[in-house]
Amino acid sequence: MKLPEGLISTLRNANKALVLTGAGMSAESGVPTFRDAQSGMWEKFKPEDLATPQAFRNNPQLVWDWYADRRNNIRGVRPHAGHAALVELEQYFDSLLLVTQNVDSLHQQAGSSDVVELHGNIMRSICSETGQVIDEQWIKSNPGRPPASPHHRHGLARPGVVWFGEELPAGAMNRAMAEAYNCDVCFSIGTSTLVQPAASLPFIALEAGAVVIEINPVPTSLSSIARFSLQATAAQALTAIAADMTRHK
Ligand code: OAD
């Protein structure tokens with residue numbers, strides 16, 4: 001794809017990069033997004049029935065089973081060329097912090113070196129009472145959907161993800177915010193920029209003077225104010241950027 005004039009020279013002159021990714025980043029690997037018409041998960045399911053502490057209290061088995069299905073799907077997917085391009089881009093900056101709302105570890109699998117998970121990780125299980133991580137072996141060898149927690153006598157195992165109404169992991173958002181204030185360029189990739197506080201990051205970066213680059217096939221509230229708004233998929237846009245950066249080395 002043809003990139004907008006000035007994008008590559010802007011990236012060449014930048015030292016600190018912040019990359020925010022959302023569900024659209026994983027779409028080309030075969031992980032469904034949440035809000036896309038037809039294919040989005042929140043088109044078929046209600047978040048309040050599945051992704052809140054209340055939902056888990058009301059029906060732990062329903063919630064556990066739904067996450068078990070998602071885990072199974074994620075076990076079978078692999079990073080795509082866009083994930084690899086993000087790893088390649090690291091060499092052009094003094095620092096590149098990758099802040100993701102995704103819980104599927106695809107950035108880590110691709111080899112990104114500095115990843116902050118704002119919404120946790122779906123492969124991890126934690127105690128519903130204490131938040132302590134529960135060993136995978138315990139989950140496998142104990143009955144129940146979900147199994148009881150080894151850390152608390154009233155606790156159950158639950159997915160290690162952030163639910164609506166819950167705090168983000170301590171430190172994760174602080175680190176992301178500090179980078180948003182500090183970065184020269186901020187990418188916002190495959191996110192509807194609707195869910196706070198993650199959605200605020202590109203807007204903070206913009207206010208603080210960074211060049212904001214959005215990659216999303218569908219316009220969002222960020223599109224008209226971002227310096228560069230690429231209406232393309234993550235794989236298309238990121239591979240084009242990485243290729244042009246190599247050419248202009
Ligand atoms: P959404 O489902 O809200 O948005 C996905 C975005 O990706 C949309 O704007 C799509 O247009 C875009 N998109 C689709 N395919 C794409 C592709 N191939 N390349 C690039 N972009 C593409 O997902 P998020 O913004 O990540 O939270 O949602 C944020 C949070 O809401 C999630 O982390 C999750 C959800 O409820 C929790 O579970 C706490």
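1. A charge is said to sit over a ring if NZ of Lys or CZ of Arg is within 6 Å of the ring centre and within 35 degrees of the ring normal. By that rule the charged end of R158 sits over the ring of W163, 3.7 Å from its centre. R71 likewise lies over the face of W64, at 5.3 Å from the ring centre.

2. The model is predicted: local features need pLDDT of at least 70 and side-chain atom pairs count only at pLDDT 80 or more, while totals for chains, interfaces and linings use all residues. Residues are numbered from 1 along each chain as its sequence is written, and side-chain values use heavy atoms, with hydrogens and water left out.

3. Sheet. Helices (H or I, at least four residues) and strands (E, at least two) are DSSP runs numbered from the N terminus, and two strands pair if DSSP finds at least two bridges between them. Three strands form an open sheet in the order β5-β4-β6, with antiparallel pairing. Its edge strands, each pairing on one side only, are β5 (133–134) and β6 (157–161). Strand β4 (residues 120–127) is joined to β6 by four bridges. G120 stands opposite V161 in β6.

4. Helix on the sheet. Helix α6 (residues 60–75) packs on the sheet and touches β4 and β6, its direction making about 140° with that of β4. Contact here means heavy atoms within 4.5 Å. Axes are lines fitted to C-alpha atoms, for helices over the stretch in contact, and angles run from 0 to 180 degrees between N-to-C directions.

5. Aromatic pairs. Rings of Phe, Tyr and Trp (its six-membered ring) pair if their centres lie within 6.5 Å; planes under 30 degrees apart count as stacked, over 60 as edge-to-face and the rest as tilted. The structure holds seven such pairs. The rings of W42 and F164 have centres 6.4 Å apart and planes at 55°, so this pair is tilted. W42 lies in helix α3 (residues 41–44) and F164 in the loop between β6 and α10 (172–182), so the pair ties together parts that are 122 residues apart in sequence.

6. Buried means under 20% relative accessible area, exposed over 50%, and partly exposed in between (1.4 Å probe, protein chains only). W42 is buried at 16%, whereas F164 is partly exposed at 36%. W66 and Y67 form an edge-to-face pair, 5.0 Å centre to centre with 85° between the planes, and both residues are buried. Ring pairs link F34, W42, F45, F56, W66, Y67, W163 and F164 into a cluster.

7. Salt bridges. The rule asks for a side-chain nitrogen of Lys or Arg within 4 Å of a carboxyl oxygen of Asp or Glu, and the count comes to five. In one of them, D65 pairs with R145, the closest N and O atoms being 2.7 Å apart. D65 lies in helix α6 and R145 in the loop between α9 (136–141) and β6, so the pair ties together parts that are 80 residues apart in sequence. D65 is partly exposed at 24%, as is R145 at 47%.

8. Two further bridges. D114 and R175 meet at 2.7 Å, N to O. D114 is in the loop between α8 (106–110) and β3 (115–117), and R175 is in helix α10, 61 residues apart. The side chains of D244 and R247 also meet in a salt bridge (2.7 Å, N to O). Both lie in helix α12 (residues 234–247), three residues apart, about one turn of the helix. D244 is buried at 16%, while R247 is exposed at 60%.
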